[in-house]
Amino acid sequence: MKPSNPVNRLLRKNISVGQIAGYAIANFVGLAILLTALQFYRDTTAAENCADDSFISRDYMIISKHVSDVNIFKGKASAFTDDDIAELRAKPWVKNVGVFTPSRFHVNGAVDFAGRGMSTHLFFESIPDEFFDVRPEGWSFDPADTSAIIPIIISRDYLALYNFGFAASRGMPQLSEQLIGSVPLTILISGNGKREYRTGKIVGFSSRLNTIAVPEAFMQWANAEFGDSTEPATVSRLIVETNDPGNPAIATYFDENGIEVSGEKLNQGRAAYFLSIVSAVVIVIGLVICALAFFILMLSISLLLQKNKDKIHDLLMLGYTPRQVGGYYIRMVAKLNGAILLSAIVVAVVASFLWKGLFGSLGLATTGCFVTIVVGIALMALVTAVNIMAIRRNVNRNFFNS
């Protein structure tokens, strides 16, 4: 059996177990809180980015001007002007703004299903393609092709209203998304003294857009061909992509300018923003605890070296070097930090596993723990490196001052 190093035996006698244990517990708690909060923040961010119709989805808002009694009596439409749109684009929390282009012609849609015909007046709108949450095949239109099918995207809410409202009260059959997408629609377009029949097809369902959307190519052609007015249509609705969702400045600006947000997107943005703030606060708390633990260790080592000053002097006289004496403390700190890091990673991974089940039940995607583990390793490596530098500096000072 290899005899233990006499330097280690000598220095181990005056190690304060209580101080070392205090450092280990504080550093473990701080690092576990930090890594768990970081993983939670990454999981909620992944859920926001992957689930456009989730309760924390918040990057897009559909807005309109408040319809006031004054405007109604004046016969004035509540619409956005070019200056309004330019001012909105200039806001720091706005990433992009899309304009809803409405149809300026009459639309009638008819369908023959299971031997029963239905027809109704419709409306069409179009927006730039980058704002859609679905990208179906065949999303194009060639005006020169008289047999071209008009692709249509409708809101999932419309299908739900038909299935559970209209169909239930009229004894009509309920329709699935796949079935309704296979049924052709007869579209009558009229206006400007012209009328034309076209075939339409529902090619997708949107959870983001509460409208009946058609390609911009079709809308430009139809408005030019059948539009009842040569004047450009007023812009009544906008879709805003924000890069700082939940920012209190958004609600303030909307309130001051009489702007309404469709659905609960603004409240969802606030909830998600609140989650981000809470995660950031918890991460900061974890960092503060880790920093306090670091200073506890530095104070403990400084006290130990001061207490062992005479022994260090004796070791110097016996021919031992500062590297040999400091090596004992360095190995102790490295092993301790390694155990703390491993324990904190286990806590963060287990916590992540527990809330992944809840996220999954809500239809939300999460992310892996690799980045969190790498951050923990990097942070502990930095702390250990600073510990080693401080130990060597203190040992050298005691040697040369003894």
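This briefing describes selected features of the structure above, grouped by topic.

The model is predicted, so local features need pLDDT of at least 70 and side-chain atom pairs count only at pLDDT 80 or more, while totals for chains, interfaces and linings use all residues. Residues are numbered from 1 along each chain as its sequence is written, and side-chain values use heavy atoms, with hydrogens and water left out. Helices (H or I, at least four residues) and strands (E, at least two) are DSSP runs, numbered from the N terminus.

- An open sheet is formed by 4 strands in the order 2-11-1-12, with antiparallel pairing; two strands pair if DSSP finds at least two bridges between them.
- Strand 2 and strand 12 (259–261) are the edge strands, each pairing on one side only.
- From one strand to the next, the twist averages 30 degrees.
- Strand 2 and strand 11 run antiparallel and are joined by 5 bridges.
- Val94 stands opposite Thr242 of strand 11.
- Helix 4 lies across strand 1 (60–65), strand 2 and strand 11, and runs at about 155 degrees to strand 2. Axes are lines fitted to C-alpha atoms, for helices over the stretch in contact, and angles run from 0 to 180 degrees between N-to-C directions.

- Arg237 belongs to strand 11 (residues 237–242).
- Arg237 is buried because its relative accessible area is 16%; buried means under 20% relative accessible area, exposed over 50%, and partly exposed in between (1.4 Å probe, protein chains only).
- Leaving aside residues up to four places away in sequence, Arg237 touches several residues, including Ile62, Phe80, Phe100, Glu125 and Asn210. Contact means heavy atoms within 4.5 Å.
- A polar atom of the Arg237 side chain lies 3.5 Å from the backbone oxygen of Asn210.
- Arg237 lies over the face of Phe100, at 4.4 Å from the ring centre; a charge sits over a ring if NZ of Lys or CZ of Arg is within 6 Å of the ring centre and within 35 degrees of the ring normal.
- Arg208 lies over the face of Tyr60, at 3.7 Å from the ring centre.
- Thr101 and Arg237 are 136 residues apart in sequence, and their C-alpha atoms are 8.4 Å apart in space.

**Aromatic pairs**

- The structure holds 11 aromatic pairs. Rings of Phe, Tyr and Trp (its six-membered ring) pair if their centres lie within 6.5 Å; planes under 30 degrees apart count as stacked, over 60 as edge-to-face and the rest as tilted.
- Trp93 and Tyr253 form an edge-to-face pair, because their ring planes stand at 65 degrees, with centres 5.8 Å apart.
- This pair links distant parts of the chain, 160 residues apart: Trp93 is in the loop between helix 4 (82–89) and strand 2 (94–99), and Tyr253 is in helix 8 (residues 248–256).
- Trp93 and Phe254 are also edge-to-face, because their planes are at 85 degrees, with ring centres 6.0 Å apart.
- Phe254 lies in helix 8, 161 residues from Trp93, and both residues are buried.
- One aromatic cluster is formed by Phe105, Phe124, Phe141, Phe218, Trp221 and Phe226.

- In helix 7 (residues 216–226), the buried residues include Phe218, Trp221 and Phe226.
- The elements covering the buried residues of helix 7 include strand 3 (101–102), strand 6 (125–126) and strand 7 (150–155).
- Thr36 is placed in helix 2 (residues 17–50) and counts as buried because its relative accessibility is 16%.
- Thr36 touches Val347, Ala348, Ala351 and Trp355, not counting residues up to four places away in sequence.

Key. Polar contact = N/O pair within 3.5 Å; in protein donor to acceptor, adjacent residues only side chain to side chain.
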